[in-house]
Amino acid sequence: MINKPSEKEEEYFKRLEFEKLRKIQEEKEKKMKEEEKKKLKELHYMKCPKCGMDLQEIEYKNVKIDKCFSCEGIFLDKGELEEIVKREGEGLLKKLSKIFS
């Protein structure tokens, strides 16, 4: 004779199955987001955010910055502005504060 599972056992196994399916779905979503992020990076990497043309890396005060020769935009990565300010000294800060105030 086969014992019929109790309601608690059924509930337990249903919960396990639900958690398994939820984890599978989360992994699928994570993988899709990573793939989408990778595709977007490939589309936009080293492209000017203003005009869409290719950016060229140039060196300024031993800091590599990105320049668009189409619209003449200059774009800095994280930490590059601080590095340039450190190398330029206080004069640059005065110039920038005039521009942005």
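Okay, let's start with a term: a salt bridge here is a side-chain nitrogen of Lys or Arg within 4 Å of a carboxyl oxygen of Asp or Glu. By that rule, Glu72 forms a salt bridge with Lys67, and their closest N and O atoms are 2.8 Å apart.

Before I go on, a word on what you're looking at. This is a predicted model, where local features need pLDDT of at least 70 and side-chain atom pairs count only at pLDDT 80 or more, while totals for chains, interfaces and linings use all residues. Residues are numbered from 1 along each chain as its sequence is written, and side-chain values use heavy atoms, with hydrogens and water left out.

So, the overall layout. The chain has three helices and three strands; these are DSSP runs, H or I of at least four residues for helices and E of at least two for strands, numbered from the N terminus.

How much of the chain is buried? Of its 101 residues, 12% are, where buried means under 20% relative accessible area, exposed means over 50%, and partly exposed is in between, with a 1.4 Å probe and protein chains only. The accessible surface of the chain comes to about 9500 Å², and 56% of that belongs to carbon and sulfur atoms. Those areas come from the Shrake-Rupley method with a 1.4 Å probe, and for residues only the protein chains shown count as cover. As for contacts, meaning heavy atoms within 4.5 Å, take those with a separation of 6 or more: residues 24 or more positions apart account for 14% of them.

Back to that first pair for a second. Glu72 is partly exposed at 48% relative accessible area, whereas Lys67 is buried at 12%.

Now helix 1, residues 7-44. The structure holds six salt bridges, and a couple of them sit here. Arg15 pairs with Glu11, with the closest N and O atoms 3.0 Å apart. Both lie in helix 1, four residues apart, about one turn of the helix. Arg15 is partly exposed at 47%, and so is Glu11 at 46%. Then there's Glu19 with Arg22, where the closest N and O atoms are 2.5 Å apart. Those two are three residues apart in helix 1, again about one turn. Why does that spacing work? An α-helix has 3.6 residues a turn, so residues three or four places apart point the same way. And side chains of opposite charge can pair when their charged atoms come close. Glu19 and Arg22 also belong to a network of salt bridges that links them with Glu26.

Together with Phe13 and Leu16, Tyr12 makes a nonpolar surface patch of about 330 Å². Patches use residues with over 30% relative accessible area and no salt bridge, joining like charges within 9 Å and nonpolar side chains (Val, Leu, Ile, Met, Phe, Trp, Tyr) within 5 Å.

Last stop, helix 2, residues 80-88. Which of its residues are buried? Glu80, Ile84 and Val85. They cover an arc of only 135° around the axis, which puts them on the same side of helix 2; the arc is that of the directions from the helix axis to the C-beta atoms. Exposed residues Glu82 and Lys86 are on the face turned away from that buried side. And just after helix 2, Gly89 takes a positive phi of about 90°.
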